[in-house]
Amino acid sequence: MYRVCFLIILFFTTCLTAFPQEKSGFEFENKNKRLYKINFVNFNNLIIIEIKLNGRPHNFLLDTGVNSTVVFGVEYNENIVNRQSEKILIKGVSGAKETYAYKTDNNILEIGKLKDKNHTVYAIFDQDFNLSDKIGYPVQGIIGKEFFENHLVQINYIHNYLKVYNPKVKPKRLKRYNALDIRLINSKPYINTPLNQVDKNEDYVFLLDSGSGDAIWAKHYDGIEMPTKKFDDILGYGFAKIVRGIKSRANTIELGEYELETPKIAYPDSTAYKGLPFTDKCGSLGSEIMRRFHWTFDYKNRKVYFKPNGDFYDPFNYDMSGLILKYEGFQHIARFENLFADSRTGVKTDNSAGYNKISNKPKLIIELRPILMIDAIRPNSSAYEAGFVEGDVILKIKGRDSYKYDLQQIFKILSSEEGKTIQVTIDRNGSTYNKSLTLKSRFSEAIN
């Protein structure tokens, strides 16, 4: 199943830290306004907001794990890049992939009633740098540090909104929240908190990373014992490369006075850390942790406030199929539609209820539908045993056309119940096959 982990952005912004960053800042349209509320799309616990870049709307991922604003998945155009733009070489995971970004200044960014008139944006036109096919939702950019640095920002994962406060205002209800000090390293928020992996608490330094769809990533090193039950897995994507590692469950993780039991934990392959400033006891907390709390970030005073929400006791589910899916372009779908007319008004409509058919010739409708493809398969998984292979196109799931699901819905199906059998129809090199996929807990095949 798909996993969203934005190591690509971690590596990208690490490359940029050697360059001086232009000072930018969002300002309130109404200086006397107490706060602005911004609705967002909560897609698989990732925060996606609409931002106008030089007057053009784009979908941006709001990611506390990045320190620069990046735009990608757009065509090269002079609205973003000009003669003064600086061309910068960047590298991906382990330096295996190289591409270029264009550093562009004096951009205008608008988020609702917030505006920054001098924003630095890094534009990437490499088509391999594309998150939309892996997320399953159109995203053309990522923003982090600049959104948080000048204002107090609240995140509500339950009702899908942000509250951005005027710098002169501080919410009174913060007294009801737990608070932790944050350290801004490369303009990213880090906290210290205990993690119990096997039988004792160890103090770890964690990046609060709203752009990761996982729970806990931790760097493994000699002297720290891993949980007994673990398995090799595909954790996510680097820059045009799959990131592999080990998955397991920790005993607990503490946040203030709160304790989460048996959270998912991943140990990325050591190559995933190449060039990153991680200490031994370091990692990241992604949206599978963050979505269980209401958050308030106060970068200026180096504080983060939080309290549990209604998702706090949700179980930490794993995909039980072994499929890593992504969208691979679009296909044309043809369907025929009969037209009907109101016998009283003669107005044509698609709805047949109460109307008289006016033509024996159905209308041909051509629609674009996304192609859902298997990008990778975990070895020895249920999908591997059922005979799925990389490159198979998923046509139907449980008898329903795959384009009628989004990846979030598919994840829920493939992590629903051990022993459950899912019927899947695939296309392989032009031939159609029906396959039965029996969900199996990864821990039943874990390495002991």
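**Overall make-up**

The model is predicted. Its protein chain has six helices and 34 strands. Of the 448 residues in the chain, 54% are buried.

In soluble globular proteins, nonpolar side chains tend to be buried together. Here, the largest nonpolar core has 61 residues. Phe147 and Trp295 have the most contacts inside it. Strand 4 (residues 46–53) supplies the largest share of this core, with four residues.

A second core is separate and has 21 residues. Tyr327, Ile377, Phe388 and Leu439 are among its members.

What does phenylalanine 147 touch, once residues up to four places away in sequence are left out? Its partners are Phe26, Ile38, Leu62, Ile111, Leu114, Val153, Leu162 and Val164.

**Aromatic pairs**

The structure holds 18 aromatic pairs. Two of them are described here. Phenylalanine 148 and tyrosine 299 form a stacked pair. The rings sit 5.5 Å apart, centre to centre, with 15° between the planes. This pair links distant parts of the chain, 151 residues apart. Phenylalanine 148 belongs to helix 3 (residues 145–148). Tyrosine 299 sits in the loop between strand 24 (293–298) and strand 25 (303–308). Both phenylalanine 148 and tyrosine 299 are buried.

Phenylalanine 293 and phenylalanine 306 pair in another way. Their ring centres are 5.8 Å apart and their planes lie at 85°, so this pair is edge-to-face. Phenylalanine 293 is in strand 24 and phenylalanine 306 in strand 25, so the pair ties together parts that are 13 residues apart in sequence. Phenylalanine 293 is buried, at a relative accessible area of 0%. Phenylalanine 306 also counts as buried, at 0% relative accessibility.

Ring pairs also build a cluster. It links Phe26, Phe147, Phe148, Tyr258, Phe293, Trp295, Phe297, Tyr299, Phe306, Phe312 and Tyr313.

**Charges over rings**

| Charged residue | Ring | Distance to ring centre |
|---|---|---|
| Lysine 264 | Tyrosine 318 | 5.4 Å |
| Arginine 292 | Phenylalanine 316 | 3.7 Å |

**Helix 6**

Helix 6 covers residues 407–414. Leu407, Ile410, Ile413 and Leu414 are buried in this helix. Why do the buried residues of helix 6 line one face? Seen down the helix axis, they fall within an arc of 115°, so they line one face of the helix.

A side-chain oxygen of aspartate 406 comes to within 3.0 Å of the backbone nitrogen of glutamine 408.

Asparagine 42 lies in strand 3 (residues 41–43). Its side chain reaches the backbone nitrogen of asparagine 45 at 2.9 Å. The side chains of asparagine 42 and asparagine 160 are joined by a polar contact of 3.2 Å. Leaving aside neighbours within four places in sequence, asparagine 42 is in contact with Tyr157, Asn160 and Gln408.

Tyrosine 157 is found in the loop between strand 11 (152–156) and strand 12 (161–165). Is tyrosine 157 buried or exposed? Its relative accessible area is 3%, under the 20% limit, so tyrosine 157 is buried. Not counting residues up to four places away in sequence, tyrosine 157 touches Phe40, Asn42, Asn45, Ile47, Ser210, Ser287, Met290, Arg291, Phe293, Trp295 and Asn309. Tyrosine 157 and histidine 294 are 137 residues apart in sequence, yet their C-alpha atoms are 6.9 Å apart.

**An exposed glycine**

Glycine 430 is in the loop between strand 33 (421–428) and strand 34 (431–438). Its relative accessible area is 61%, over the 50% limit, so glycine 430 is exposed. The C-alpha atoms of glycine 430 and aspartate 392 are separated by 10.0 Å. Along the chain, glycine 430 and aspartate 392 are 38 residues apart.

Key
Residues are numbered from 1 along each chain as its sequence is written. This is a predicted model: local features need pLDDT of at least 70, side-chain atom pairs count only at pLDDT 80 or more; totals for chains, interfaces and linings use all residues. Side-chain values use heavy atoms; hydrogens and water are left out. A nonpolar core is a set of buried Ala, Val, Leu, Ile, Met, Phe, Trp, Tyr and Cys residues joined through side-chain atoms within 4.5 Å. Buried means under 20% relative accessible area, exposed over 50%, partly exposed in between (1.4 Å probe, protein chains only). Helices (H or I, at least four residues) and strands (E, at least two) are DSSP runs, numbered from the N terminus. Contact means heavy atoms within 4.5 Å. The arc is that of the directions from the helix axis to the C-beta atoms. A polar contact is a pair of N or O atoms within 3.5 Å; within protein, one must be able to donate a hydrogen and the other to accept it, and residues adjacent in sequence count only if both atoms are side-chain atoms. Rings of Phe, Tyr and Trp (its six-membered ring) pair if their centres lie within 6.5 Å; planes under 30 degrees apart count as stacked, over 60 as edge-to-face and the rest as tilted. A charge sits over a ring if NZ of Lys or CZ of Arg is within 6 Å of the ring centre and within 35 degrees of the ring normal.
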